There are 2 protein chains.
Amino acid sequence: MDKLTAIEAFAALAQPTRLDVFRLLVKAGHEGLSAGEIAKTLTIRQNTMSTNLAILARTGLVTNQREGRSIRYFADYQGISALISFLMEDCCGGNLEICQPIIDEIACGR
Amino acid sequence: MDKLTAIEAFAALAQPTRLDVFRLLVKAGHEGLSAGEIAKTLTIRQNTMSTNLAILARTGLVTNQREGRSIRYFADYQGISALISFLMEDCCGGNLEICQPIIDEIACGR
DNA sequence: TCCATATATCTAGATTTATAGATATATTAG
DNA sequence: CTAATATATCTATAAATCTAGATATATGGA
């Protein structure tokens, strides 16, 4: 991951609607949600949502796939993984105990 | 973590200087770095860096501590952990295999 | 082909953010 | 107290971003 990509991804997440969308898609998992379902769920106008979905997709945080008239969106787990990995690069450097709490946090309580 | 805090944290990271600072502090670990050392390392003017450090501190991504005339800054591992945790909330929900790759990524190759 | 549905793009005004010059505050030394 | 060092705050201009109205494109059905 390069720095510019990371900045665009963080900027994408730094906006209420897009943050909601991403978290919604994380919860939706492999099923994903159509653009229309997302807009309806979050009560955002169609064109505004479309713009925001495009921004998320451009950064690699979500993917999409056409299904007939609809377009289904999915959280891109690989994308978010690469972003977090970039951010925390060399966190451990011999000190695993520093980032262990972070790992635990993400490990869904397990 | 509430949504507004998360948005401010992502916005803080969505800027070249601040992203550099945070990654630098992650690498610096518990030793941290003084504001001056950070500005010098990244070749950013003093007042601009001060503004950006304040933004990072306000969001809970970094902490600081005065040491004589200097102020030493540290990455706040608990803060970033809470942010990532908020972002990935309910990712697992019965499907650990979805977020396992993310956990692995952050686990510093171990 | 014609229409309805689903999503995307173009556009402009309003708001937010970034940078750096000037200056202020805090700490230490003499 | 005065000077030097380290960092923070105030400020204004420039640049980027957000939203939503209008409109365009894509797909499926009759």
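1. A side-chain N or O atom of R69(B) lies 3.5 Å from a sugar or linking oxygen of DNA strand C. Two or more residues of the surface near DNA strand C come from each of α3 (35-42), α4 (46-58) and β3 of chain A, and from α4 (46-58) of chain B. Helices (H or I, at least four residues) and strands (E, at least two) are DSSP runs, numbered from the N terminus.

2. This is a predicted model, in which local features need pLDDT of at least 70 and side-chain atom pairs count only at pLDDT 80 or more, whereas totals for chains, interfaces and linings use all residues. Residues are numbered from 1 along each chain as its sequence is written, chains are lettered from A and ligands numbered from 1 in the order in which they are written, and side-chain values use heavy atoms, with hydrogens and water left out.

3. DNA strand C is surrounded by 20 residues, the closest being Q46(A), S50(A), Y73(A), R45(B) and N47(B); near means that a heavy atom of the residue lies within 4 Å. Of the DNA strand C atoms within 4 Å of the protein, 63% are sugar or phosphate and the rest belong to bases. α4(A) gives the largest share of this surface, four residues.

4. In chain A, three strands form an open antiparallel sheet in the order β1-β3-β2. Its edge strands, each pairing on one side only, are β1 (33-34) and β2 (62-67). Six bridges join β2(A) to β3 (residues 70-75) of chain A, and V62(A) has A75(A) as its bridge partner in β3(A). Strands count as paired if DSSP finds at least two bridges between them.

5. R72(B) belongs to strand β3 (residues 70-75) of chain B. Its side chain reaches the backbone oxygen of G32(B) at 3.4 Å. Beyond its neighbours within four places in sequence, R72(B) is in contact (heavy atoms within 4.5 Å) with residues including E31(B), E37(B) and E67(B).

Technical notes
Polar contact = N/O pair within 3.5 Å; in protein donor to acceptor, adjacent residues only side chain to side chain.
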